[in-house]
Each structure stands twice: as C-alpha cells, then as structure tokens.
Amino acid sequence: MMDYEAVIGLEIHVELNCPTKMFCDCPNRPGDEPNKNTCPICLWLPGAIPRFGYEALDKAVLACLALNCEIQEKSAFDQKVYYYPDLPKGFQLSQAHYPLARNGWLNIIGEDGQAKRLRIHHIHMEEDVAKLVHEMEGKTPISLVDFNRAGAPLIEIVTEPDMRSPHDAMEFVRLLRTQTRYAGSSECSLEAGTMRVDANISIRPRGTDQMNTKVEVKNMNSIRHVGDAIAYEIERQKESLAAGEPIVLHTRLWDPIKKVTIAMRGKFAGPCVPDPSVPPIVISREWLADKIARLPEMPTVKAERFNRQFGLSEEEAFQLCGEKETADYFEQVMAFPVPARMANHWLTTQLLPALKEREEALPASRVSPSRFAELLTLIDRNEVNANSAKTVLVRLFETDLPVRTVIEQGGFSQVSDASELEGIIAGVLEKHAAAVADYRGGNAKTLGFLIGQAMQASGGKANPKMVRELLIKTLTP
Amino acid sequence: MSNHFIYLDPSPQATGDGPLTGKRIAVQSNVAVQGWPTAAGSLALENYTALEDATAVARIRAQGGVIVGSSRISELGFGLRDDAGEAVLRDEGTDAVLLTDFLGEARVTAADVCMFGYKPTYGLVSRFGLIGLIPSMETYGVASASLRTISAVMESIAGPDARDFSMSDREKPEFASRTISARPTVKAGFPAEVMTMLTDEEQRAYREGLRMLSERGIPVEEVSMPEFTLFSLVHGVMGSVEASSSAGKYDGVRYGHRAQGAKNWNEMYLKSRGEAFGTLVKSYLFQGAYFQFENYDIFEKAGRIRARLVKSVNDLLDAVDVLVLPTKRKPFEARWAETVHDVYNAFSLTLPANVTGLPVLQVPGFIMDGGDDLGMQWIGPAFGDARLLDLANHFFEHNEANA
C-alpha cells in the first residue's frame, strides 16, 4: 500500500461569552427555555434592522490577539445566502470578504517533541443560526426551531492546512482553547457547544505537495473525538483509494458511539454579498492599542515568569498556567509568605480536586487565597500536620470562621509539645514491647510501625517529624 | 373605505404637538404601524401585523401629525403598477403621503399629481420599520402639494436613530427653521447626455423647463455625465441582488401565504414562494439570484462602477448647486410597466439619486409635454437637504409672490 500523509485544516466556531446577541439586545443565553430570548431583530421580522453590538467586537478582537492574528483596519459583514429552516431570513451575517483578522498562529509540541507552528488563515465574526430540535417520537416526527441561539455572537477560526496528524489537531484545539479562555472571550467547551470543530481532511502520497479533494467532518463534541474522527477519516480515505474509489467533496458526521464518520450531504457554498445595513467596522490604532494593553499575560509567558519568579519547575509552571483562574489564584496566594512549590502542590492535588467534587469555581470559593495561604503557613510552621490540614481544608468550604479557629475548634492543632509527645510514646512503647525488642534487635523497619502507632495514639495530631526524632532518641541506648 | 387604503385608522391620534399639528398623513402598507396589517402588497406577508411603529411613524405622531391610514402599494413596494399613492394624494384629503422610494416611486407619484415630492439623502431618515427591498438604495419619500409641509415632515422624521445603524451619525439639519430673505445665488446644471436620451417632444419640454428656470433666477449650464446609462445597469444588478436577499425571509412559515400539500420543508418553501410572489417581483428576484449564484463577478463590478458614479456626480455638484433632470419619461409609464425592463425604463431618470443616495426634490409645472407634466428633479449634494428645501421654499414663495 502506498505511504500516505494526511493534510488537515480546521474550521473552529467559538461562541463569544457576550451578555447579549450580536445584532440585538436579547440575552445571549442559548440554553434558556426555547424561544425565550428573542425579539423582532433576531426573529428577522419585516422592518427590523440589525444593530451590531460592540461587546462582540471587543471579545472577538481579544480572542484574535490571543491567537497572534493581525487585526484588520477595516472589516465588513456579508450575507451568506442559504435556505434552511434554522435560518429563516435566508442569509447569515458573516464576514466573508473582509474578515476581522488574518495571519495568526499557535506553536504546539508535535509528536516528535519539537515545537511546530500551525498557521491561522483568518478569523471572522458571524452570527449563529437557530437550533433545530427533531422530535422523532409520536405519530408524526416533527422538527422544532429554537431561536434562542439565533444571532448569538461567534468567531470562526480558519486554519491553514498545516496539520498532519490527529495529534496536531488535538494539540491545536487544546492550545486555542487555553488562549481564548485567557483572553476572556469564551469558555470554549466542545461538550457544552460553545466551541465546534469541523475538520477538513485529505490525504496525499507522502513527500508530495499536491492538495487533493478534501472531506469535511463535523459533530465532534470532545477533543478526544476530534482526534478519533480524524484518525478514522484518514484510514477511510486510504481504504477508499486502495479500493480504487475516488474521494469526493462532501461532509461527514462523526458518530461518537459507533466511532465512524457517516456521509451527510454535498458541501454547499452559497454566495456572499455585502450587507447594506451593517456599517463596515473600522478599527483605529488607539482603540486597538487599548485592547492590546487589556490583553492579559498569555499562558506561556506566565509560565516562564512563574518559573523565574517563584522557582516552580518548568513542568509545574506550564501545568499551573493552563487555566488563568488557577494561575491568578496561585499568584494571589504568593502574596503571602508561603513556599511556592508547596502552594502549587496543595493547590493542584488538594484544592482543585475538592472544588471539582463540589462543582464550585475557584474565584467564587470560600477558600479565598488569604485563607488558603494561612492554612499553608500553619502547615509550614508545623502547627497542623498534613493529614489534619486536608480535613481542615474541606471544613473551610463550609464556614467563614478564621482558619485558626477551625483548627482549634476541631482539635486539629499539631502536638509539638515534647513532654506531651514523650507521654504518648511511652504508652506506645509499653504496649508494643515486642516491636521495641525487634527494633533494638536490629530491624530498623519496625520504626515505621511504632511511628504509626504513636500518630494514631495522638489522634493524628502529633508532629510526625518530632515523633520520629523522639522515638529514635528513646530507643537508642 | 375606498380601495386606495388597505387600512384606515378609525380614530387617528397624534402623540404630541409640533410642526405637523393638524396635518393628515398617510403611509404605505410596507411601513410598520403597530397593530396594523402590513402586507406590503404581497401574499408573502399576508396577515402580517406590525409589532412596533416605524421610527418615522412615531416621530410624525410625536410632532402633531396624525397617520390616517395605510395605502395600497405594488408588491413589496417595487414600482407603481398597483400603487394607490397618487389617488390618495389627489382624492383622500391628506396633507402629505409618506411613500417609499426604491427607484423613484415617490417622485414619480408626486409628478403624476403635479405635486412636490422629496427623497432625502440616504442615511438621513431611519429605515427602522420600513419593510424594504433594496436596503442600500431605499429611503422614504414625502409627497405633498405644499413644500412647507414637506419641510415640516422632514424636520420631524430626519436625524439619528439608535435602531438604524446604517444611518449617518451627522446631527439632524434644521428644516424650515429660517427663511432665506436675500435671493441665494444658485447655479443649476443639466446633463447633456440625458437630453440625447429623450424624444424630440421631451427634449423641447425639458429645454422649455430649463428656460423658465433661468428666467426665474436660476441660471442653467450644460454639464456632462457620460456614464449616465450605467446608473440603470448598476441599479438593476445591485438592486435585484439585494431584493433577492431581502425577500429570502418570506417563507410562509410564521406569517404570509403557505402552500398546502407539500411533502417536506423544502417543497413547502418552494411552493409557498412560488404561489406568493407575482410575476414582476418573481422575475426581479430571479434576476438577483442569478447574479448572486451564477455571476457574482458582475455584482462586484457593479459595486465598483457605483463608487465611480457617486464620485463623478459629487464632483459635478462641486461645480453647480443642483442638477436638473426630468422626473418621468413620457413613452414609459410606470403604472403600465409589466416587466423588470419596463420598470427600469420608467424610472431611468429617477434611479440615479437612489444609486448615489443624493437628496432630490420633484418640482411640478416646469417640464410640460403637451398636457402632461413630466416633473423636474432638483438633485442636491449629499446631506444638503435643508439647503435644498430652503432654496426651493424661497424660490417658490418669491415667484408666487410675483406671479
């Protein structure tokens, strides 16, 4: 069989998290009760005129900047003409001829471990269309139209066909999500539908630079599915060619259960004519400079800084900076005298999993950076041991009492008083005379057992370091 | 109710006082008045009731005017074949009619009844609530026997509206706020190329009109518009494409005529649209769809030519104050136009102001071909609306006083 390589480009729709729709003041909440968020403009009743909202422009420009694009001085909306029940006015307002931004890129780590630059051809703004709900049960199956989503603000990111593998595509989508979330423009959730990824895939003999007929694959609702669908489609095309069947331009749907792509329809590209009612968007240098100034520090830059400033390892810093909320929280904790790596460890292994379990968000949590820092300080000073601290942390979600009070009231204070510990140890030694003899007889492993017994006897509150030292001291003749 | 109206308000009310207090004004059925049937002359909008007032309607009422009813129009306001604006102006005791002007309908209507007709600069009056067809060319027009009434209507309806972002953000000019006491120095130009398009009789009438104008103090000089015939082509290409897009929403699903017996949604669209639109509109929409789907290059070229035409007319209006053209063509009667070709012949002299978006006043009584008043258009520079109407007010009051 001939050796083929895949050529992959992505078209990614990202729903901007503006409070209102793109051309009217209806709330941008597609999930509400069907057809609740509608008005004559987004229903496109006769006589209505679209009014472009500048919130959408703000969010779109920030996202484009986060994706390293050149913002165009002039962009304009066109009418993308097609007739389908999800678009009752017969055209979608989209920037076909003059997109908002061009020439972006993201650097991913390729499968070979090397950095690889994947280019973005352009990013344009467009309105979302209505949502069709197909009710297949009952005597006659019917399709219902929900206009809550009609007119929701979107950007579409169109990449160059620079990707060669499912890995490239998945990494690109991951990084695009991180960058866009940092910009504050969208949550970019494939699962929740605020990001939709379509992949254009073709194959060619490795080493050639020809561009063959592509197939579009849609309906992947997780990053894993993006990879799986592309991998499936590459194999399907190879098999087609091996069987002597030509590839034809069409659209396929990913079936996440059967893990196959299914032919859907011929790809249709309707005409695009300039819209006379939405004025062209002209961006001044001053306005753009203001947006650039407002763009937050991006994750790679932030990770480098955390590495430098706080002494986190590169890997730790990179992981920590994947989510802006987490990185910001960490930095607020760092305003207190807390060891950085310890803070990172507690944040990522304790606090974040606890939040996830409780379905809470970091910024809204009762465990504020100052409370978290206080707990860490007490751990660091041996005033509470790690085990007790985990219990204390869970209690902090349920109370606004000061950390110290929670520790004292719960009796979690670490026992670091030597005489108290000596008493506990004396009890343990008396109870486990055989183990003592064993240890003295040269079996050093028995020490661990005795430490465990002492900790248990203290109700978990003993300072484990001191217990160890005292035990050794007592047992050594 | 006469068949000139499709709806008459049983108790028309103003909502405020102002320059229009006591004026009775009619609108057309493609203008939204809350709660009124607004079918825009088409089965495609059958039983459609407006949910809100058009901005122009609300402003007229706020300035003391009453909206008496809404008059019958041609399908979607395109052309004048079934339009009753003329009859309403002549027979129904209105002070003015708020018309729509896609290729000159308002001016030709006014000329038909020997009245004044005014089309403002594009972007000066909000289109919110106007069920349009050609968004980049359409505006309201005002027809009345009284220039002062036209100025008062313009004073009421002009100016920025947060509901129409395609408007200019210039401040509203002040109409009819002052009377020019000294005779303004005005120079008019007539395009030589227009003269050559006309019949001998029309040419004679046009020359006579120009002579009367200079006799009454407005000197006329010949100017050149070598690309005049391109206005119709540009309008035909761009207008039909925009119409095809604008009318795309009429699918018979939420309002309007819906065909029976379709087997699926696609067939329902096709049958409903096929049954809803009349022949003239249908062929215009086909023409636009052809350029959209099959010959987009021509559309783009038309856009470039349009920009060039706008510039050349603006340049001419640096040299003269107004361009003077007849309004109607005698051989091509708008009311008899059955095909798109006929319509464009009938409006060939008015549509340049739609292509360029320039303000234009139709003036009666100057260009008489036999017993027919062909009407005379005064085209002014963009956003020179207040000055154009001031000039006309002064000119006619001065001449009437000396008559």
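In which helix of chain A is A:Glu325 found? In this predicted model, A:Glu325 belongs to helix α7 of chain A, which covers residues 324-333. The residue is exposed, because 12 other C-beta atoms lie within 10 Å of its own and a residue with 12 or fewer is classed as exposed. When neighbours within four places in sequence are left aside, A:Glu325 is in contact with A:Leu362 and A:Pro363. A:Arg305 stands 20 residues from A:Glu325 in sequence, and their C-alpha atoms are 16 Å apart in space.

**Domains of chain A**

Chain A is divided into domain 1 (4-282), domain 2 (297-409) and domain 3 (418-475). The centres of domain 1 and domain 2 of chain A, taken over C-alpha atoms, are separated by 37 Å. Contact between these two domains involves 5 residues of domain 1 and 4 residues of domain 2. On the domain 1 side, helix α2 of chain A (residues 166-183) provides the largest share, with 4 residues. By class, that side of domain 1 comprises 2 nonpolar, 2 polar and 1 charged residues.

**The side of chain B that touches chain A**

Between the chains, 31 residues of chain B are in contact with 22 residues of chain A. Four helices of chain B, namely α7 (230-246), α8 (265-276), α9 (279-293) and α10 (296-319), each supply at least two residues of the side that touches chain A. The largest share, 3 residues, comes from α7(B). This side of chain B has 18 nonpolar, 6 polar and 7 charged residues.

| Helix | Number of residues | Distance between end C-alpha atoms | Expected span at 1.5 Å a residue |
|---|---|---|---|
| α9(B) | 15 residues | 21 Å | 21 Å |

The buried residues of α9(B) are B:Leu280, B:Val281, B:Tyr284, B:Leu285, B:Gly288, B:Phe291 and B:Gln292. Viewed down the helix axis, these buried residues fall within an arc of 130°, and therefore line one face of α9(B). An α-helix has 3.6 residues a turn, so residues three or four places apart point the same way. The face of α9(B) turned away from the buried side carries the exposed residues B:Thr279 and B:Phe293. The buried residues of α9(B) pack against elements of both chains: β3 (74-81) and β14 (272-274) of chain A, and α7, α10 and α11 (340-346) of chain B.

In α10(B), the buried residues are B:Phe299, B:Ala302, B:Arg306, B:Val313 and B:Leu317. Their packing partners are β14 of chain A together with α7, α9, β9 (322-326) and α12 (351-356) of chain B.

**Strand β5 of chain B**

Strand β5 of chain B covers residues 116-119, and B:Phe116 and B:Tyr118 point one way from the strand while B:Gly117 and B:Lys119 point the other way. All four of these residues are buried. The strand β5(B) pairs in the antiparallel sense with β6(B) (residues 139-144) over 3 bridges. Within β6(B), B:Ala143 is the bridge partner of B:Gly117. A further 3 bridges join β5(B) to β10(B) (residues 360-363), and these strands also run antiparallel. In β10(B), B:Val360 is the bridge partner of B:Lys119.

Notes. Residues are numbered from 1 along each chain as its sequence is written. Chains are lettered from A and ligands numbered from 1 in the order in which they are written. This is a predicted model: local features need pLDDT of at least 70, side-chain atom pairs count only at pLDDT 80 or more; totals for chains, interfaces and linings use all residues. A residue is buried if 20 or more other C-beta atoms lie within 10 Å of its own, exposed if 12 or fewer, and partly exposed in between; C-beta atoms are placed from the backbone. Two strands pair if DSSP finds at least two bridges between them. Two residues are in contact if their C-beta atoms, placed from the backbone, lie within 7 Å. Ala, Val, Leu, Ile, Met, Phe, Trp, Tyr, Cys and Pro count as nonpolar, Asp, Glu, Lys and Arg as charged, and the others, Gly among them, as polar. The expected span of a helix is 1.5 Å times one less than its number of residues. The arc is that of the directions from the helix axis to the C-beta atoms. Domain bounds come from an automatic or database domain assignment.
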